[in-house]
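Try each task yourself before reading its solution.

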Amino acid sequence: MAVVFKKTEGLTDKQTHYCPGCTHGIIHRLTAEVLDELGVLGKSIGVAPVGCSVLAYDYFNCDMHEASHGRAPAVATGIKRVQPDKVVFTYQGDGDLCSIGAAEIVHAAARGEKITTIFVNNAIYGMTGGQMAPTTLPGQKATTAPLGRDVDHAGMPIRMSEMLATLDGAVFVERVSVNNPANVRKAKKAIKRAFEVQLEGKGFGIVEVLSTCPTNWGLHPVDSLKWLEENMIPYYQLGNLRNPEEAK
Amino acid sequence: MAKVLMKGNEAVGKAAIEAGCKYFFGYPITPQNEIPEYMAKELPNNDGVFVQAESEVSAINMIYGGAGCGARVMTSSSSPGIALKQEGITYIAGAELPAVIVNMMRGGPGLGGIQPSQADYFMSTRGGGNGDYRTPVYAPATVQEAVDMVMEAFEVADYYRTPVMVVADGMIGQMMEPVEFKAPKKRDLPKKDWATTGTNGERKPNIINSLFLDPQALEDHCFKLDRKYKEIEENEVKYEMYKTEDAELVFVAYGTTSRIVKNTVEALREQGIKAGLIRPITLWPFPHKAFNEIPAAKNLLVVEMSTGQMIDDVKIANEGRLPVDFFGRTGGMIPTPGEIMDKAMEVIGGAK
Ligand SMILES: Cc1ncc(C[n+]2csc(CCOP(=O)(O)OP(=O)(O)O)c2C)c(N)n1
Ligand code: SF4
């Protein structure tokens, strides 16, 4: 019988620990499929963050390096500078990338570090139990913003992709979402392009993926997808912010 | 190889390159700037890479990534910068990666000053980062020793898979002395088959990690590290005994301070006072056994460029047998032989 659908080589057989309905799993799968399809698994080195995806090193079927909170882009820089012929990527949450690791991502991008970042924005701190993130939306409830994010007190959420797109070294910046099959397909295309840009040696590439956290949002997985669509996408608009053709 | 006259910081850079260091990630801070400057100039000519990071935190994490690839990597900084690097150092220790970290100490706490100091003894020997780990710490007293120790540090780092620190002070970084670059005794180094170099489809993925969510697994890991540290304590202790055979007053001093104390020992001996010096060369592992080799000693006098940090280790090593006194200058003030002599007189007078 012909096999029409199978698990990608890019993932190990380990069962993931993600909550039911969490879209981290989809984003893992897309990233792994792309590495497999590009035929670069054997020369890939991934950097896992601190956050719900801290155990990503157990799931990706390639060499992996666990980093301290926020520092994945610096660790990836060390790896890429030592092995410029390898495919190096970071997988980071919004707390990891926009908060504690804001300097590391900005400067990796500014240096035009030839790495690819998969940035999972779920507008909250998942792993530590639902505290406010720099990406938490105005009025959105979090355990450290029990009445909802008050922008007078906490400021407005950071649109990281827009910020990074102002940097010359960031040659590929795109925001995608995985809330429906059409968007999942677009997300995969963007992730693939981001890795191709690295393979072409052009500079830094990042794909921001809007993701759900049913557990800490306190929503059913299906309602979470709807909440993402209705609340996150209007603030974090989807689309390409920068590509190498335009970055020239 | 003939001797050349070199500034301490530059000699440290050259020593690293001679030892096979190809990657340096750093961030400027006085008084060690000539190290990254030298590396920026010389590494590209030696098939290597220098990157100026945006912070010390980032620099040490670049080192973490580079070390994970199995390369010989080094970073350097001075006190406040090393404080920031402690985050990465504990991860490097936890993940058992080899790396060399040079600290050209300046006065603290806080922003402190830029003059030579030895006030990072606790930070270097007691961890500084979180968790159950140790770092071998070398304390050179001359530019030549700084060169030798940087080279040795790479061997020790690779042999034990551990970060190694070379802790000098701004004076050694800034002074010029004649130096010779001799390769250290080569060790039988283990293969770096754990490195993240890409599986090439030929082996299972390698994972560089320090996370153990299962407490039993973490305890096992910490005890494994501890066995390694015991081995280092067994094999890597280094110290110098200077005129201690008959010494009644035994100084304990390391680094630059030990050179000043040696002059004081000579001056005291000219006056008929039997003085000597124990000089720890490794601060961790600390040379506890040196304190069993001073048969005539009546007093110990610790001299440091701090308000007294190594004195704790001296008291542990001495186990309450002899009175222990202390003389220190700090904040970038350098003790003079005269004032050390005055303190010595007070100590032996008091013991009579
Ligand atoms: C230095 C440091 N500070 C804080 C933490 C605790 N911590 C773990 S995960 C996390 C937030 C992660 O949130 P995010 O990056 O958004 O990822 P998510 O869990 O939502 O996927 C924090 C603060 C840590 N491990 N290390
Ligand atoms: S806490 Fe949230 S982000 Fe983390 S696995 Fe669960 S649903 Fe996903």
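*Solution.* The rule asks for a side-chain nitrogen of Lys or Arg within 4 Å of a carboxyl oxygen of Asp or Glu. Next, count such pairs between chain A and chain B: there are three salt bridges.

Before going on, a note on the ground rules: this is a predicted model, in which local features need pLDDT of at least 70 and side-chain atom pairs count only at pLDDT 80 or more, while totals for chains, interfaces and linings use all residues. Residues are numbered from 1 along each chain as its sequence is written, chains are lettered from A in the order in which they are written, and side-chain values use heavy atoms, with hydrogens and water left out.

**Exercise 1.** Describe the interface between chain A and chain B.

*Solution.* Step one is contact (heavy atoms within 4.5 Å): 32 residues of chain A touch 35 residues of chain B. Step two is buried area, the accessible area (1.4 Å probe) that two parts lose on being put together, summed over both. Here that is about 2,400 Å², with carbon and sulfur atoms giving 60%. Step three is to see who contributes: Asp63(A), His65(A) and Val82(A) supply 23% of the area that chain A buries against chain B, more than any other three residues.

**Exercise 2.** Which residue of strand 9 of chain B is the bridge partner of His65(A)?

*Solution.* First find the two strands (DSSP runs of E, at least two residues, numbered from the N terminus). Strand 2 of chain A and strand 9 (residues 207-208) of chain B run parallel and are joined by two bridges. Then read off the partner of His65(A), which is Ile208(B).

**Exercise 3.** Work out what the salt bridge between Glu33(A) and Lys188(A) connects.

*Solution.* Begin with the distance: the closest N and O atoms are 2.8 Å apart. Now place the ends: Glu33(A) is in helix 1 (residues 24-37) of chain A and Lys188(A) in helix 8 (residues 181-199) of chain A, so the pair ties together parts that are 155 residues apart in sequence. Both residues are buried, meaning under 20% relative accessible area (1.4 Å probe, protein chains only). Finally, widen the view: Glu33(A) and Lys188(A) belong to a salt-bridge network with Arg29(A), Glu37(A) and Lys192(A).

Methods. Two strands pair if DSSP finds at least two bridges between them. Helices (H or I, at least four residues) and strands (E, at least two) are DSSP runs, numbered from the N terminus. Buried means under 20% relative accessible area, exposed over 50%, partly exposed in between (1.4 Å probe, protein chains only).
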